[in-house]
Amino acid sequence: MKNIAAPDLLTKETRQEIDAWLKKFPENQRRSAVIPALKLAQEQNKGWLDEDLMNAVADYLHLPRIAVYEVASFYTLFHLKPVGKNRLYVCTNISCLLRNSDEISDHIKNKLKIGFGETTADGQFSLFEVECLGACGGAPAMQVGTTYHENLTPEKIDNLLASLAEPTAGGTHVK
Ligand code: FES
């Protein structure tokens, strides 16, 4: 642990946005800003949080570091190790399961040659299994970034992955 002060790690934009969130809560409820602050810190760091960055968030919010670790390690929204450029969150909960989410998961795994919790060698994609996304009416559903994709089929997955993949020499080929 390097114990770097918050201003050295959080970008000016991140700090400004955290400040905007803090204004929404009473001064004695700074803890309420932990989730948005962690989201902002994660976004500035290519989608994941290391220990120094979590410490920076805690210090900036004047909270015990454990209060920030607890949140960051609880939600699937946060990643504590490097992830791919595109994060695929496949719902496997009951409505999606009944509408063939297993087929969707297997199709993505076969196509990208990775399992849940893994990242393609070229860093383009990471795949995650998540609980209900609240999109049961469009099951099977998947979240990519902030976008929901519903009523998925293998063909829709093929088109989506092809549109997300960046052509790289010797990189992931989404066929
Ligand atoms: S069960 Fe998949 S979105 Fe609700």
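Q: From which domains does the lining of the largest pocket draw at least three residues each?
A: The lining of the largest pocket takes at least three residues from each of domain 1 (6-74) and domain 2 (86-164). The domain bounds come from an automatic or database domain assignment. The structure is a predicted model, in which local features need pLDDT of at least 70 and side-chain atom pairs count only at pLDDT 80 or more, while totals for chains, interfaces and linings use all residues. Residues are numbered from 1 along each chain as its sequence is written, and side-chain values use heavy atoms, with hydrogens and water left out.

Q: What makes a set of points a pocket rather than a cavity?
A: On a 1 Å grid over the protein atoms alone, a cavity is a set of points where a 1.4 Å probe fits but cannot get out, whereas a pocket is an open set with protein on both sides within 12 Å along at least five of seven lines. The largest pocket has a volume of about 450 Å³, where a volume is the space filled by probe spheres set on the points, and the points are joined across faces, edges and corners.

Q: Which residues of the lining lie nearest the centre of the largest pocket?
A: A residue belongs to the lining if it has an atom within 4 Å of a point. The largest pocket is lined by 17 residues, and Q42, L77, Y89, Q143 and G145 are those that lie nearest its centre. Helix 3 (34-44) and strand 1 (86-91) each supply at least two residues of this lining, and helix 3 gives the most, with three residues.

Q: How many residues of the lining of the largest pocket are nonpolar, polar and charged?
A: Ala, Val, Leu, Ile, Met, Phe, Trp, Tyr, Cys and Pro count as nonpolar, Asp, Glu, Lys and Arg as charged, and the others, Gly among them, as polar. By this division the lining of the largest pocket has six nonpolar, seven polar and four charged residues.

Q: How many helices and strands are there in the secondary structure of the chain?
A: Helices (H or I, at least four residues) and strands (E, at least two) are DSSP runs, numbered from the N terminus. The chain comes to eight helices and four strands, and along the sequence they follow the pattern α-α-α-α-α-β-α-α-β-β-β-α.

Q: Why is T14 called buried?
A: A residue is buried under 20% relative accessible area, exposed over 50%, and partly exposed in between (1.4 Å probe, protein chains only). T14 has 4% relative accessibility, so it counts as buried. T14 is found in helix 2 (residues 12-22), and, leaving aside its neighbours within four places in sequence, it is in contact (heavy atoms within 4.5 Å) with L40, A41 and Q44.

Q: Why is K46 called exposed?
A: K46 has 70% relative accessibility, and therefore it counts as exposed. K46 is placed in the loop between helix 3 and helix 4, and its phi is near 55°, a positive value in a residue other than glycine.

Q: Why is H62 called exposed?
A: H62 has a relative accessible area of 62%, so it is exposed. H62 lies in the loop between helix 4 and helix 5 (65-74), and it has a positive phi of about 60° although it is not a glycine. Helix 4 (residues 51-61), by contrast, is mostly covered, with nine of its 11 residues buried, including D52, L53 and M54.

Q: Why is D158 called partly exposed?
A: D158 has 25% relative accessibility, so it counts as partly exposed.

Q: Why is strand 2 described as largely enclosed by the rest of the structure?
A: Strand 2 (residues 125-130) has six residues, and five of them are buried, so this strand is largely enclosed by the rest of the structure.
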